[in-house]
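Here are a few exercises to work through with the model open in your viewer. Try each one before you read its solution.

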Amino acid sequence: MSVYPSLTRALAEALVDILWFVEGCEDDQMNPDEAVKVLEGATHLGTQLSSDQRAEFIGLIRFMAAEESDPSRREFLESFPEGFGLVEEES
């Protein structure tokens, strides 16, 4: 049996893992230009979601953040919706 309750949750976990890795890479681990392309691509993906899909994804991310025991990963998850263009940043 899967450890994930849904395919959506599994894919959200995978996307977050990839983006957390890319964002944390040093220049000698990944070409900075390529890292920016990956991060911008993910941000663009978020802008293509319907409002219902965006709300579902944000809810998943917030749930994942609440469950997270690693403080640095929790912080990444908490800032994810704003950082990847899923919601407007507060001014």
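Contact here means heavy atoms within 4.5 Å. Keep in mind that this is a predicted model.

**Exercise 1.** Find Arg 73 and work out whether it is buried or exposed, then list its contacts beyond its neighbours within four places in sequence.

*Solution.*
- Step 1: Go to helix α4, which spans residues 71-83; Arg 73 sits in it.
- Step 2: Check accessibility. The cut-off for buried is under 20% relative accessible area. Arg 73 comes in at 7%, so it counts as buried.
- Step 3: Look around it. Setting aside neighbours within four places in sequence, Arg 73 is in contact with Glu 13, Val 16, Asp 17, Trp 20 and Glu 68.
- Step 4: Pick out the polar partner. The side chains of Arg 73 and Asp 17 are joined by a polar contact of 2.8 Å.

**Exercise 2.** Which residues of the largest nonpolar core touch the most other members, and which helix gives the largest share of this core?

*Solution.*
- Step 1: Start with the general idea: in soluble globular proteins, nonpolar side chains tend to be buried together.
- Step 2: The largest nonpolar core has 18 residues, and Val 16, Leu 19, Ile 61, Phe 80 and Phe 84 touch the most other members.
- Step 3: Trace the helices. At least two core residues come from each of α1 (7-24), α2 (32-47), α3 (51-67) and α4, and α3 gives the largest share, 6 residues.
- Step 4: Zoom in on Leu 19. Not counting residues up to four places away in sequence, Leu 19 touches Val 38, Leu 39, Ala 42, Phe 76, Phe 80 and Phe 84.

**Exercise 3.** Describe the largest pocket: what is its volume, and how do its lining residues divide by class?

*Solution.*
- Step 1: The volume of the largest pocket is about 260 Å³.
- Step 2: Its lining includes Thr 8, Leu 11, Gln 53, Glu 56 and Phe 57, with α1 and α3 each supplying at least two residues.
- Step 3: Sort the lining by class and you get 7 nonpolar, 2 polar and 1 charged.

**Exercise 4.** Now do the largest cavity: how much space lies in it, and which residues line it?

*Solution.*
- Step 1: The count is 1 cavity of 30 Å³ or more, and the largest cavity holds about 40 Å³.
- Step 2: The lining is Leu 15, Leu 19, Ala 42, Leu 45, Gly 46, Phe 57, Phe 80, Phe 84 and Leu 86.
- Step 3: The largest share of that lining, 3 residues, belongs to α2.
- Step 4: By class, the cavity lining has 8 nonpolar residues, 1 polar and no charged ones.

How values were computed: Residues numbered from 1 in each chain as written. Predicted model: local features only at pLDDT ≥ 70, side-chain atom pairs only at ≥ 80, totals over all residues. Heavy atoms only, no water. Helix = DSSP H or I, 4+ residues; strand = E, 2+ residues; numbered from the N terminus. Buried < 20%, exposed > 50% of the residue type's maximum accessible area, 1.4 Å probe, protein only. Polar contact = N/O pair within 3.5 Å; in protein donor to acceptor, adjacent residues only side chain to side chain. Core = buried A, V, L, I, M, F, W, Y, C linked by side-chain atoms within 4.5 Å. 1 Å grid on protein atoms, 1.4 Å probe; cavity = no way out; pocket = protein on both sides within 12 Å on 5 of 7 lines; lining within 4 Å. Points joined across faces, edges and corners; volume = space filled by probe spheres on them. Nonpolar A, V, L, I, M, F, W, Y, C, P; charged D, E, K, R; others polar.
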